[in-house]
Amino acid sequence: MTATPAPAADSTSRRHGEYKVPGGKLVVVDLNVVDGRLADVSVSGDFFLEPDEALLDINRGLTGLPDTTTAAELAAAVTASLPEGAALFGFSADAVAIAVRRALAKATSWADHQWNLIPPTVLPTEINVALDEVLTEEVGDGRRSPTLRFWDWQEPSTVIGSFQSYRNEVDPDGVAKHGINVVRRISGGGAMFMEAGNCITYSLYLPQTLVDGLSFADSYPFLDAWVMAALEKLGITAFYVPLNDIATDQGKIGGAAQKRLANGGMLHHVTMSYDIDADKMVEVLRIGKEKLSDKGTRSAKKRVDPLRRQTGLARAEIIAAMMEVFTERYGATPSELTEAELATARERVDTKFGTDDWLHRVP
């Protein structure tokens, strides 16, 4: 199940932590914990640092700190320890902090967890939304291993973000004309226009320890590095446009959203365009000029750049490539939804996700 960080205890046994900076270098930290404080701290890696002596300053800056020091406080201590004019190449104070937290078992890496993978399963959209809450809770409580789940659905739907106004985002005439099922999800971000087969949607359910020390902005590309590799394998070079848009040189292809729960579970959700009917989308969604103003385009239709056109592949082939890369990278094992999880999701639809109170909580 989920790898739960063990409480730090005084010990002279050496602790070891590693963190690979996305697009950068490896940072390694070895340390002891004596009387609840960091001792004999040694930072190393394949990064570059000037002046050379600054490495010793970093070690001294970390030595003696309580083993309960937060990632932000560790990073601040590293920064404060650096001599004036010091230059870090391929790593940062935040990267050192993450490696320290991993050495202390306060933060985890992908390899610390046994990952599950649930392939596309056709379910009503409101069940898919409810499952995001249920499975995030399950992972946070340690009842389910961290999991990647691909969505599938039949009915045309629009899924609005947790904080979006129903009235401002959805056109009731378009909804009625095209028979659209509108639901609200628990994560923030923008509306998703979803007809059967026109999107690729997946959810990652993970412990927050995996992103310990990462900023919200950095956690997005960190959690989607595997899918970028899968797209690269298919001949698509994708990248993040802060905060949560996924794009290629031909335009936006998707967006991500997150939700962190009090029990330590976290949801990371992504929807990518495959073959969207742009004419229908702009009849259903109110996509205003202000939203388009920072996208460099006057037309909402131009923002939809389907994966079908860029790859020439069937949607199922793209999903298969994504699952293959995730499995290869993280040793994921096949999984399926349990009857208990589905039953809980149905209950959540009855009491929350299928209610007008939830749908119109932001009018």
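When I say helix, I mean a DSSP run of H or I at least four residues long, and the helices are numbered from the N terminus. Everything I describe today comes from a predicted model.

I'll stay with Glu 341 for a moment. Is Glu 341 buried or exposed? The cut-off for buried is under 20% relative accessible area. Glu 341 has a relative accessibility of 5%, so it counts as buried. If we set aside neighbours within four places in sequence, the contacts of Glu 341 are Leu 131, Val 134, Leu 135, Glu 138, Arg 144 and Glu 336.

Arg 144 comes up again with another residue, Asn 116. Asn 116 belongs to strand β6. Its relative accessible area is 13%, so Asn 116 is buried too. Again leaving out neighbours within four places in sequence, Asn 116 touches Arg 144, Ser 145, Pro 146, Thr 147 and Leu 148, and also Phe 326, Thr 333 and Ser 335. How far apart are Asn 116 and Gly 331 in sequence and in space? In sequence they are 215 residues apart, and from C-alpha to C-alpha the distance is 8.7 Å.

Now the sheet that β6 is part of. It is an open sheet of eight strands with mixed pairing, and the order is β12-β13-β14-β15-β11-β7-β6-β16. At the edges are β12, residues 239-241, and β16, residues 333-334, each of which pairs on one side only. Inside that order, β7, residues 147-152, pairs with β11, residues 199-207, in the antiparallel sense through four bridges. One of the positions to look at there is Arg 149, whose bridge partner in β11 is Ser 203.

Next, the helix on this sheet, α12. It covers residues 315-330 and lies across β6, β7, β11 and β15, running at about 165 degrees to β6.

Which residues of α12 are buried? They are Arg 315, Ile 318, Ile 319, Ala 321, Met 322, Met 323, Val 325, Phe 326 and Tyr 330. These buried residues pack against β6, β7, β11 and β15, and also against helices α8, residues 225-233, and α11, residues 307-311. Phe 326 is on that list, and Phe 326 is also one of the contacts of Asn 116. Just after α12 comes Gly 331, with a positive phi of about 65 degrees.

Helix α12 also takes part in a pocket. The second largest pocket has a volume of about 420 Å³. It is lined by 19 residues, and the closest to its centre are Lys 20, Pro 22, Trp 110, Phe 222 and Ala 225. The elements giving two or more residues to this lining are β1, α7, α8, β12 and α12. Which element gives the largest share? That is β1, with three residues.

Strand β2, residues 26-34, and strand β3, residues 37-45, run antiparallel and are joined by seven bridges. Within this pairing, Asp 30 stands opposite Ser 42 in β3. Two residues lie between the strands of the hairpin.

Last, some backbone geometry to check on the screen. Most residues other than glycine have a negative phi, and most peptide bonds are trans. Asp 35, in the loop between β2 and β3, has a positive phi near 55 degrees and is not a glycine. At 65% relative accessibility, Asp 35 counts as exposed. Asp 40 is not a glycine either, and its phi is positive at about 50 degrees. Asp 40 is in strand β3.

Then the cis peptide bonds. One joins Glu 50 and Pro 51, with omega about -5 degrees. Pro 51 is in the loop between β4 and α1. Another cis bond joins Pro 242 and Leu 243, with omega about 5 degrees. Leu 243 lies in the loop between β12 and β13.

That's what I have.

Notes:
Residues are numbered from 1 along each chain as its sequence is written. This is a predicted model: local features need pLDDT of at least 70, side-chain atom pairs count only at pLDDT 80 or more; totals for chains, interfaces and linings use all residues. Side-chain values use heavy atoms; hydrogens and water are left out. Two strands pair if DSSP finds at least two bridges between them. Contact means heavy atoms within 4.5 Å. Axes are lines fitted to C-alpha atoms, for helices over the stretch in contact, and angles run from 0 to 180 degrees between N-to-C directions. Buried means under 20% relative accessible area, exposed over 50%, partly exposed in between (1.4 Å probe, protein chains only). On a 1 Å grid over the protein atoms alone, a cavity is a set of points where a 1.4 Å probe fits but cannot get out, and a pocket is an open set with protein on both sides within 12 Å along at least five of seven lines; lining residues have an atom within 4 Å of a point. Grid points are joined across faces, edges and corners, and a volume is the space filled by probe spheres set on the points.
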